[in-house]
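Thanks for coming. Please have the sequence and the structure open while I talk.

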Amino acid sequence: MHARRRHRRCALLLLPQLPRLFDRWKLCSLFDNWLGIRNHWLSSDVAHFIVIKVLDNAIETEKMIEKYESLASDLLEWIEQTIIILNNRKFANSLVGVQQQLQAFNTFTEKGNLEVLLFTIQSKMRANNQKVYMPREGKLISDINKEKLEQLARRFDRKAAMRETWLSENQRLVSQDNFGFDLQAVEAATKKHEAIETDIAAYEERVQAVLAVAKELEVERYHDIKRIAARKDNVIRLWEYLLELLKARRQRLEMNLGLQRVFQEMLYIMDWMDEMKMLLLSQDYGKHLLGVEDLLQKHALVEADIAIQADRVKAVINNANQYSVTDSVTQIKSLSDHHISLKYIPGESTFVSCPGYKPCDPQVIQDRVAHLEFCYQELTQLAAERRARLEESRRLWKFFWEMAEEEGWIREKEQILSSMEHGKDLTGAVRLLSQQRALEDEMSGRAGHLQHTIAEGQAMVDAGHFGAAKIQERISDLQAQWVALEQLAAARKKRLEEALAMHQFQADADDVDAWTLDALRIVSSGETGHDEFSTQALVRKHKDAAAEVASYRSVIDSLHEQVALLPNEEAKSEDVQGRLVGIEERYREVSELTKLRKQALQDALALYKMMSEANACEVWIDDKEQWLNSMEIPEKLEDLEVIQHR
């Protein structure tokens with residue numbers, strides 16, 4: 001028990017001194033000695049625990065030191081090999097090979113781990129009150145850092161040289177304005193420029209990588225940092241200048257593209273004008289009125305298109321004049337604002353200006369503008385001329401249409417007037433003559449329209465219309481047809497009037513015959529009355545009949561007058577002359593019978609008057625005889641005087 005306590009006390013006294021004894025060169029011998037001492041302390045739990053812990057820390061520290069020295073050696077060797085590899089620009093000729101080389105390049109990332117390991121070793125040794133481990137010459141972190149900075153500087157120089165070469169070559173590339181002289185070539189140049197912009201925009205990461213290396217050297221306080229900074233500034237200057245050139249080229253290219261698009265638009269307009277000219281120079285002015293109307297409607301659409309194109313032509317001319325009159329100047333933005341970021345956006349063109357730059361000779365633009373204006377004016381003139389010709393053609397075909405309508409009307413009336421129908425009786429003749437008069441009235445109204453149409457045609461002839469010969473021919477032909485129609489109408493009217501006169505004569509003759517028969521029936525009557533009263537009535541009636549017979553002479557005379565108005569052939573015809581002779585004979589017979597009946601009625605009336613008077617005398621005698629026979633002679637003288645007076 002006392003021995004164990006003594007051993008523990010010795011161990012406790014020795015523990016603070018153990019770390020100072022455990023250095024790297026004496027660790028093995030001390031460990032062997034300690035094994036012997038450890039055997040005596042096995043009976044003590046605390047001594048056992050402390051010894052084990054000290055030994056484990058010492059062993060772990062030794063292993064970490066060995067690992068550090070191994071890693072430091074490997075890192076230095078890797079740095080030397082990497083420099084050789086980086087100087088070799090040969091790469092595998094396949095994607096898999098390049099990926100393997102990249103993976104091998106990225107495998108060694110132990111510098112940070114090495115620093116952590118050294119810090120851990122030193123921290124543990126300080127905690128164990130050991131002498132702090134310091135790597136020997138050549139394997140210090142500073143040695144590694146120095147080697148790293150030198151390698152980083154060489155890497156910077158190499159990358160800076162590559163960037164300067166690439167930037168200089170691209171500056172020469174974007175300084176060339178080989179855009180072409182037509183829209184297709186300029187569009188191809190634009191696509192090529194966009195590809196260049198894309199490449200340059202992608203290359204910005206490499207420029208930033210150079211700046212990052214320079215920044216790292218500056219942070220690590222590289223001894224030759226001034227040279228590094230100067231070369232970095234040169235790379236930035238070359239990059240910014242390249243951006244300036246690229247922006248300027250983009251603007252010049254856009255100006256050329258805009259101008260070529262204006263020229264292309266001019267070509268499109270010129271092609272359209274050529275098509276319109278072919279339409280406007282057409283000699284088709286219509287074959288009839290409907291055809292001309294259709295052409296006029298189509299021409300109105302063409303004129304509308306031409307009017308619409310006026311704004312298009314004006315816009316193209318204004319756009320073209322901008323490239324020939326004004327200077328191509330845009331605002332310049334300071335590059336100092338982009339000194340740090342160096343941010344480049346492909347397609348933007350606001351960084352630089354092109355004062356005085358013109359994508360084409362202004363005289364060429366002015367000539368094309370003048371030619372376009374001339375062609376448009378010529379097109380509008382052709383459109384106006386064709387409209388005038390179409391209007392003249394419509395006027396001509398309208399005239400022909402009206403003339404054809406007049407000719408059709410004349411032919412229709414000619415058929416009517418050529419009819420040989422004169423009416424079968426007086427009513428038919430009157431109806432036909434009434435129709436003839438209505439036709440003549442229609443002709444009178446039509447004559448005014450015809451004269452207006454002829455005057456319209458004559459005006460076109462006088463104005464030198466291109467169809468003047470045909471117009472004059474149609475006018476003459478229609479005038480001849482109208483004269484023939486008037487003659488035909490006059491002839492038919494004469495025939496109808498003669499037919500009417502003939503039918504009127506026949507009707508009047510029939511009336512006279514009817515009257516004569518009726519008069520004969522009256523005047524040939526043998527009735528003379530049965531007494532004086534009835535005979536006086538018959539005398540009065542006969543007196544009226546005799547007056548009518550006497551007055552009817554004028555009717556018969558009018559028949560002679562009608563015959564005198566008939567055509568000579570018809571007037572001397574047997575029918576007409578026979579009718580007249582018969583009428584005259586019957587009229588004379590009626591006249592004679594009228595006289596005879598008048599005498600008979602007068603004789604009868606005288607007889608009946610005498611007989612009436614005789615009868616009256618006989619009655620008076622009988623009355624007086626009766627009075628005398630019945631008279632009594634009065635006794636007084638006064639009564640006798642009265643009777644005597646009676």
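**A walk through the helices**

Is Q562 buried or exposed? Its relative accessibility is 18%, and buried means under 20%, so Q562 counts as buried. Which residues does Q562 touch, once neighbours within four places in sequence are set aside? They are A501, Q504, F505 and D508.

Staying with α15, let us look at how this helix packs. In general, two packed helices are described by the angle between their axes and the distance between the axes. For helix α14, residues 532-551, and helix α15, residues 553-565, the angle is about 20° and the axes are 4 Å apart. Angles under 35 degrees count as roughly parallel, and α14 and α15 are therefore roughly parallel to each other. On the α14 side the contact is made by V549, A550 and S551, and on the α15 side by R553, S554 and V555. By type, the residues of this contact divide into three nonpolar, two polar and one charged.

Now the whole chain. How many helices and strands does the protein have? There are 18 helices and zero strands. The protein has 646 residues, and 36% of them count as buried. If we take contacts between residues at least 6 apart in sequence, 83% of these contacts join residues at least 24 apart.

Next, the nonpolar cores. The largest one has 27 residues, and the members that touch the most other members are M266, M273, I306, I365 and L372. Three helices each supply at least two residues of this core: α9 (225-280), α10 (289-325) and α11 (362-417). Which helix gives the largest share? That is α9, with eleven residues.

With a relative accessible area of 23%, R231 is partly exposed. Setting aside neighbours within four places in sequence, R231 is in contact with F156, D157, A160, A161 and E164. Take E164 from that list. R231 and E164 are 67 residues apart in sequence, while their C-alpha atoms are 9.4 Å apart in space.

Then a loop residue. Where is R221? R221 is in the loop between α8 (183-219) and α9. The phi angle of R221 is near 60°, a positive value in a residue other than glycine. Is R221 buried or exposed? Its relative accessible area is 75%, so R221 is exposed.

Last, the cysteines. How many disulfides does a search of the whole structure find? The search finds zero. C375 counts as buried, at 3% relative accessibility. C617 has a relative accessible area of 45% and is partly exposed.

To recap, we have a predicted model with 18 helices and zero strands.

Conventions:
Residues are numbered from 1 along each chain as its sequence is written. This is a predicted model: local features need pLDDT of at least 70, side-chain atom pairs count only at pLDDT 80 or more; totals for chains, interfaces and linings use all residues. Side-chain values use heavy atoms; hydrogens and water are left out. Axes are lines fitted to C-alpha atoms, for helices over the stretch in contact, and angles run from 0 to 180 degrees between N-to-C directions. Angles under 35 degrees count as roughly parallel, over 145 as roughly antiparallel, 65 to 115 as roughly perpendicular and the rest as oblique. Contact means heavy atoms within 4.5 Å. Ala, Val, Leu, Ile, Met, Phe, Trp, Tyr, Cys and Pro count as nonpolar, Asp, Glu, Lys and Arg as charged, and the others, Gly among them, as polar. A disulfide is a pair of cysteine sulfur atoms within 2.5 Å. Buried means under 20% relative accessible area, exposed over 50%, partly exposed in between (1.4 Å probe, protein chains only). A nonpolar core is a set of buried Ala, Val, Leu, Ile, Met, Phe, Trp, Tyr and Cys residues joined through side-chain atoms within 4.5 Å.
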